[in-house]
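Me: I would like to learn how to read a few features of a model. Please take them one at a time.

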Amino acid sequence: MVIVKDWRLNERSYGKLQGKSKIEIVDELDWEQVHAYRRSYHTQPPMLESDDPRHPINDEKYDEVDRDLLPSGESLKDTYDRVVPYLKNTLLPSLHTHHNILVSAHGNTLRVIRKYLDNLSDNEIEGVEFGIGEILIYTLDENLDVVQTEHFSAKEHPKYGKDL
């Protein structure tokens with residue numbers, strides 16, 4: 001088994017909202033703005049300054065990544081623009097060699113992968129939620145087109161659910 005970690009599969013950067021709980025953010029902003037930051041496809045949060053310790057350029061684990069690529073904050077579209085090229089150029093082509101890939105990631109990373117694979121519109125993706133332990137299985141053909149999608153809660157999975 002090969003385990004690959006790549007910064008492009010990171011969770012969406014919430015900019016200046018990073019590290020704050022939903023309750024803290026709602027205390028600072030009205031609910032509609034918070035909802036727009038969290039669910040809208042195009043709305044960006046307030047951006048981090050480069051000297052903010054929360055900015056990824058200040059984290060040594062990103063020392064090998066081009067500083068211009070590291071986000072100061074992201075809309076869901078920005079996250080899509082970061083994740084999907086990696087999906088298309090690296091992950092999906094590796095299916096020709098490895099046949100199966102397991103992607104374990106945060107919700108927004110998975111949402112943009114799902115947007116791409118399910119060909120969801122910008123509006124449709126805003127309503128997509130993932131439950132804890134949800135399993136999505138995509139079967140692709142030799143052209144890497146989706147031919148089947150299976151969706152289970154962890155406990156419902158016919159093979160593994162009995163062990164959870």
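Me: Is Tyr 86 buried or exposed?

Reply: The model is predicted. A residue counts as buried when its relative accessible area is under 20%. Tyr 86 has a relative accessible area of 5%, so Tyr 86 is buried. Tyr 86 lies in helix α3.

Me: Which residues is Tyr 86 in contact with, leaving aside its neighbours within four places in sequence?

Reply: Those residues are Val 4, Asp 6, Arg 8, Leu 9 and Leu 91. Take Leu 9: it is 77 residues from Tyr 86 in sequence, while the two C-alpha atoms are 8.2 Å apart in space.

Me: And Val 4, is that residue buried or exposed?

Reply: The cut-off for exposed is over 50%. With a relative accessible area of 54%, Val 4 is exposed. Val 4 belongs to the segment before α1 (22-28). From Val 4 to Leu 91 there are 87 residues in sequence and 9.9 Å in space, C-alpha to C-alpha.

Me: How are two packed helices described?

Reply: The description uses the angle between their axes and the distance between the axes. Here, helix α3 (residues 76-91) and helix α5 (residues 107-118) have axes that come within 9 Å and cross at roughly 65°. That makes α3 roughly perpendicular to α5, as angles of 65 to 115 degrees count as roughly perpendicular. The crossing in which α3 passes α5 is right-handed.

Me: Which residues make the contact of α3 with α5?

Reply: From α3 come Leu 76, Thr 79, Tyr 80, Val 83, Val 84, Leu 87 and Lys 88. From α5 come Asn 108, Thr 109, Arg 111, Val 112, Ile 113, Lys 115 and Tyr 116. Sorted by class, this contact has eight nonpolar, three polar and three charged residues.

Me: What span should α5 have?

Reply: Count 1.5 Å times one less than the number of residues. For the 12 residues of α5 this gives 16 Å, and the end C-alpha atoms are 16 Å apart, so the two agree.

Me: Which residues of α5 are buried, and what covers them?

Reply: The buried residues are Asn 108, Thr 109, Arg 111, Val 112, Ile 113, Arg 114, Lys 115 and Leu 117. Their cover includes the helices α2 (31-39), α3 and α6 (122-126), along with the strands β1 (135-140) and β2 (146-152).

Me: What follows α5?

Reply: Asn 119 follows α5, and the phi of Asn 119 is positive, near 55°.

Conventions
Residues numbered from 1 in each chain as written. Predicted model: local features only at pLDDT ≥ 70, side-chain atom pairs only at ≥ 80, totals over all residues. Heavy atoms only, no water. Axes fitted to C-alpha atoms, helices over the stretch in contact; angles between N-to-C directions. Helix = DSSP H or I, 4+ residues; strand = E, 2+ residues; numbered from the N terminus. Parallel < 35°, antiparallel > 145°, perpendicular 65-115°, else oblique. Left-handed = near helix turned anticlockwise from the far one by under 90°. Contact = heavy atoms within 4.5 Å. Nonpolar A, V, L, I, M, F, W, Y, C, P; charged D, E, K, R; others polar. Buried < 20%, exposed > 50% of the residue type's maximum accessible area, 1.4 Å probe, protein only.
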